[in-house]
Amino acid sequence: MTAFSVSYLMFIVMRSLCGVGLTGISIISLTLAVEWTDIKHRTFCGTISGLSWSVGYMLLALLAYLIRSWRWLLIAVTSPCLLSIVLWWWLPESVRWLLTKKEVETAHSYLSRCATVNGKKDFHSKITTEVLNKAVIMNESRNYFYWHLLKTSILRKITLCSTIVWFGVAFSYYGITLNITGFSLDPYMTQFMFGAIEIPAKVCVYFVLDRIGRRHCQAWTLIGTGFFIALNASIPAEHGHVRSAVAILGKGFSEASFTTVFLYTAELYPTVLRQSGIGCCSFVARVASSLAPLIMLLDDTWQYLPSIIFSTVAGMSGIVAFLLPETTNRQLPETVEHLEGDSLYFRNENILETKTSQESMHAEISLEIMSPVSTDVRLSQQQEGNSDCDMKLSLENSWLANGMDTSGS
């Protein structure tokens, strides 16, 4: 509808609605990917799947170069969304979310489809609706709202620190994009290069996230972004190619921080508040992206002032990221009580090392349903004879625990 706007007011309204839709797509798609993925593959889904954004970034430059009419350009870049609507019929609901709502039958039907796709023929003999009922950790179904993000001390700390980090990520992302002058490239090539640098940035994030952890990756990519913004401002304008190289490196670090923050935030919040938490942080990020162009106007006061503000905010946000807990190789919290009751959540120990072999056994069962590459696990007679009480306790702690690897337990 934006392409058919007959007035500037209509154009603004339609573009605003586009923003609402795109924000929903980014938040919901990531949440579903994280909640359907085991620990082993969560980093892959949270980073590599984001390459579609980078490819679209580059394709936009190509389409804009070939299509100079803004109306036809809008039609060209938005028409693929119509094809994506078909996926709605196939896209599964989050089983984690369904279990928090005590919709066991629906959750079991989606798991059955998942097991069929992954070739797990013995699914029904291992995971029945009775087993899922034991895995339900909510005494009653309840609705959660945004104010629940501030209800407890841990949630307040996560929300406060995460919003500051998101503000710094978005603020520096657009700051390094807008604060680049002296480029020797035309706007189309600049757009293409900014999209191209995101691909190696995301690949690098994929390889380092599980090695150095989410917290350090988030903090140091933000600090690196601030460093390159400041470095670019200190290079004389006549060194256009040098400024271009520094700008592209800074854009890579900025994109790495953006890629990390989506996955990191999704792992911090419990299932019942995960989408609300990401939505709140995303709102703060949009405020930051709206302020970035206004900060650029301060170069009339002093040409280095915008760069100082952008680099300082990025660096300070990176420091705040060190205050957040580490989530690498840890199961996703399901409820607020789960988050508050997990005494290891704000420690640096690896939760996987603290789980019992019985808990790992049940987690492995969930992995072989969720992942087509996992190894079948056969229950011993002794394990099958465990009491319902032990089964419930184990399932509450580890069912759908993202496929913990039992080899190291």
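**View 1. Asparagine 329 in the loop between α16 and α17.** Asparagine 329 sits in the loop that runs between α16 (305–321) and α17 (336–341). Helices here are DSSP runs of H or I with at least four residues, strands are runs of E with at least two, and both are numbered from the N terminus. Although asparagine 329 is not a glycine, its phi is positive, at about 60°. Its relative accessible area of 25% makes asparagine 329 partly exposed. Buried stands for under 20% relative accessible area, exposed for over 50%, and partly exposed for what lies in between (1.4 Å probe, protein chains only). The model is predicted: local features need pLDDT of at least 70, side-chain atom pairs count only at pLDDT 80 or more, and totals for chains, interfaces and linings use all residues. Residues are numbered from 1 along each chain as its sequence is written, and side-chain values use heavy atoms, with hydrogens and water left out.

**View 2. The whole protein chain.** The protein chain contains 20 helices and zero strands. Of its 409 residues, 49% count as buried. The chain exposes about 20400 Å², and carbon and sulfur atoms supply 66% of that area. Accessible areas were computed by the Shrake-Rupley method with a 1.4 Å probe; for residues, only the protein chains shown count as cover. Among contacts (heavy atoms within 4.5 Å) between residues at least 6 apart in sequence, 80% join residues at least 24 apart.

**View 3. The largest nonpolar core.** This core has 51 residues, and those with the most contacts inside it are Val165, Trp166, Phe258, Val261, Leu273 and Phe310. At least two residues of this core come from each of α1 (8–35), α10 (153–178), α12 (198–212), α13 (214–234), α14 (240–268), α15 (274–296), α16 and α17. Helix α10 gives the largest share, 11 residues. A nonpolar core is a set of buried Ala, Val, Leu, Ile, Met, Phe, Trp, Tyr and Cys residues joined through side-chain atoms within 4.5 Å. In soluble globular proteins, nonpolar side chains tend to be buried together.

View 4. Leaving out residues up to four places away in sequence, valine 165 touches Gln218, Leu222, Val261, Ser317, Val320, Ala321 and Leu324.

**View 5. The salt bridge between glutamate 35 and arginine 274.** The closest N and O atoms of glutamate 35 and arginine 274 are 2.6 Å apart. Glutamate 35 belongs to helix α1 and arginine 274 to helix α15, so the pair ties together parts that are 239 residues apart in sequence. Both glutamate 35 and arginine 274 are buried. A salt bridge is a side-chain nitrogen of Lys or Arg within 4 Å of a carboxyl oxygen of Asp or Glu. By this rule there are six salt bridges.

**View 6. Salt bridges of arginine 214.** Arginine 214 forms a salt bridge with aspartate 210, at 2.8 Å from N to O. Arginine 214 is buried, with a relative accessible area of 2%, whereas aspartate 210 is partly exposed at 36%. Glutamate 267 also forms a salt bridge with arginine 214, the closest N and O atoms being 2.8 Å apart. This pair connects helix α14, which holds glutamate 267, with helix α13, which holds arginine 214, and so ties together parts that are 53 residues apart in sequence. Glutamate 267 is buried, with a relative accessible area of 2%. Salt bridges that share partners join Arg42, Asp210, Arg214 and Glu267 into one network.

View 7. With a disulfide taken as a pair of cysteine sulfur atoms within 2.5 Å, the count is zero. Cysteine 204 is in no disulfide, and the nearest cysteine sulfur, that of cysteine 217, is 9.8 Å away. Cysteine 204 counts as partly exposed, at 48% relative accessibility. Cysteine 45 is also partly exposed, at 25%.

**View 8. Alanine 233 in helix α13.** Helix α13 contains alanine 233, which is buried with a relative accessible area of 17%. Not counting residues up to four places away in sequence, alanine 233 touches Tyr304 and Ser307. The C-alpha atoms of alanine 233 and serine 311 are separated by 10.0 Å, and the two residues are 78 residues apart along the chain.
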